[in-house]
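Subject: The structure I promised you

Hi,

Have it open while you read, and click on the residues as they come up.

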Amino acid sequence: MTEVDEGSKHTSTRAVIVALLANIGVAAAKLVGFLLTGSSSLVAEFAHSLADTGNQVVLLVGKQRSEQRADLLHPFGYGAYRFLGGFLVAEILFGLGALFSIYEGIEKLIHPHPVDYLPVAFAILAVTIALESWSLRTAVGAANQQRENAGWLRFVRATRVPELAVLLLEDSGALLGLGFALVALILTAVTGSSVFDAAGSLAIGLLLGTNSLILGTEMVSLLVGESASDVQLKSVEDALAQTQGIERVVHLRAVHVSPEELLVGAKVIFDPALSVSEAAVVVDQAEVAIRSTVPSARWVYIEPGIPEPPPA
């Protein structure tokens, strides 16, 4: 994956704001549609959009909290708040939306009632599909700045930017959910049976539950601490190896403390002819070389290793 920089950080923020505005409009339209028609699919989609709106609020709050300056209690800063925000979105908002949609579908199966004003429901679905497409297009544009040639599922699993993973799953899931609702309402209109409307609500609930599981797994991995990408690790290793005074790299570790910040630790073998003060200069030069290649290497710690004795 490519380097995450300040530009992509602002781009992901813009994508979150666009998604928030779109979901407010979508949720309002679906609520009106449900009140007019009584459709279970529409009320499930309203719960879906309400959860999505809450998602953006949580993500924005997480980004705002992550910008606090490092202090004695959190010497590496508060960047992990963004990972926490993604986890809360996955487990609470997506999860609650899934449970509500499944409950509504089961309730409609047990106590069926006709769906009224179907033309209104179709018109509302058309509007919401347009709004969700706008939101997804923005998220895809932000992701394409980092995705390179990776497939979408691979990108969601590999990205260290939680907002992009949330938005891609959320918006694609929203469009798929709208497709479920549309098919359910068409079948209801053709057959006159509300069973299909209830089935649409159940399908939307299962979709939300699947998204919650995928996203929750990825956010837990980020919270625990994910390594830098292979490209970043190779760049850091090359920068160390090419620094005059360093003979070789014994081992290297780099972990994300936020989407845009890495904590790098390395053990290296110095030229035995170097004095302590000369080795300190080499360390400074190595840090400069690393940050010029990998700007997200915020904290760099280099320690000397002991050369292995020659074999007997």
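**Salt bridges, starting with a lysine**

Lysine 108 counts as buried, because its relative accessibility is 2% and the cut-off for buried is under 20%. Keep in mind that what you're looking at is a predicted model.

So who does this lysine pair up with? Lysine 108 makes a salt bridge with aspartate 197, and their closest N and O atoms are 2.8 Å apart. Since lysine 108 sits in helix 3 and aspartate 197 in helix 7, the pair ties together parts that are 89 residues apart in sequence. Aspartate 197 is buried too, at a relative accessible area of 0%.

There are 8 salt bridges in the structure. Another one to click on is glutamate 163 with arginine 82, where the closest N and O atoms are 2.9 Å apart. Glutamate 163 belongs to helix 6 (residues 162-191) and arginine 82 to helix 3, so this pair links parts that are 81 residues apart in sequence. How covered up are the two partners? Glutamate 163 has 1% relative accessibility, so it counts as buried, and arginine 82 counts as buried at 2%.

Now have a look at glutamate 303 and lysine 267. They form a salt bridge as well, with 3.5 Å between the closest N and O atoms. Glutamate 303 is in strand 3 and lysine 267 in strand 2, so here the pair ties together parts that are 36 residues apart in sequence. Glutamate 303 counts as partly exposed, at 38% relative accessibility, and lysine 267 also counts as partly exposed, at 25%.

Strand 1 (residues 246-258) and strand 2 (residues 261-270) are an antiparallel pair, with 10 bridges between them. A hairpin of 2 residues takes you from strand 1 to strand 2. If you'd like to trace the pairing yourself, start with serine 258, whose bridge partner in strand 2 is glutamate 261. Then move on to alanine 254, which has valine 264 as its bridge partner in strand 2.

**A nonpolar patch on the surface**

Turn the model until you can see Leu84, Leu88, Ile92, Leu96, Leu99 and Leu223. They form a nonpolar patch on the surface, and together they have about 510 Å² of accessible area. Which helix gives the largest share of the patch? That's helix 3 (residues 81-110), with 5 residues. Leucine 223, on the other hand, is in helix 7 (residues 195-224). Leucine 223 counts as partly exposed, because its relative accessibility is 38%.

Last stop: one glutamate and one isoleucine. Is glutamate 132 buried or exposed? With 0% relative accessibility, glutamate 132 counts as buried. You'll find glutamate 132 in helix 4 (residues 118-147). Leaving aside residues up to four places away in sequence, glutamate 132 touches Asn23, Val26, Ser49, Asp52, Asp171, Ala174, Leu175 and Leu178.

Isoleucine 306 is in the segment after strand 3 (297-304). Its relative accessibility is 76%, so isoleucine 306 counts as exposed.

How values were computed. Residues numbered from 1 in each chain as written. Predicted model: local features only at pLDDT ≥ 70, side-chain atom pairs only at ≥ 80, totals over all residues. Heavy atoms only, no water. Helix = DSSP H or I, 4+ residues; strand = E, 2+ residues; numbered from the N terminus. Buried < 20%, exposed > 50% of the residue type's maximum accessible area, 1.4 Å probe, protein only. Pairing = 2+ DSSP bridges. Patch = residues over 30% accessible without salt bridge, like charges linked within 9 Å, V, L, I, M, F, W, Y side chains within 5 Å. Areas by Shrake-Rupley, 256 points an atom, 1.4 Å probe, with all protein chains shown as cover. Salt bridge = Lys/Arg side-chain N within 4 Å of Asp/Glu carboxyl O. Contact = heavy atoms within 4.5 Å.
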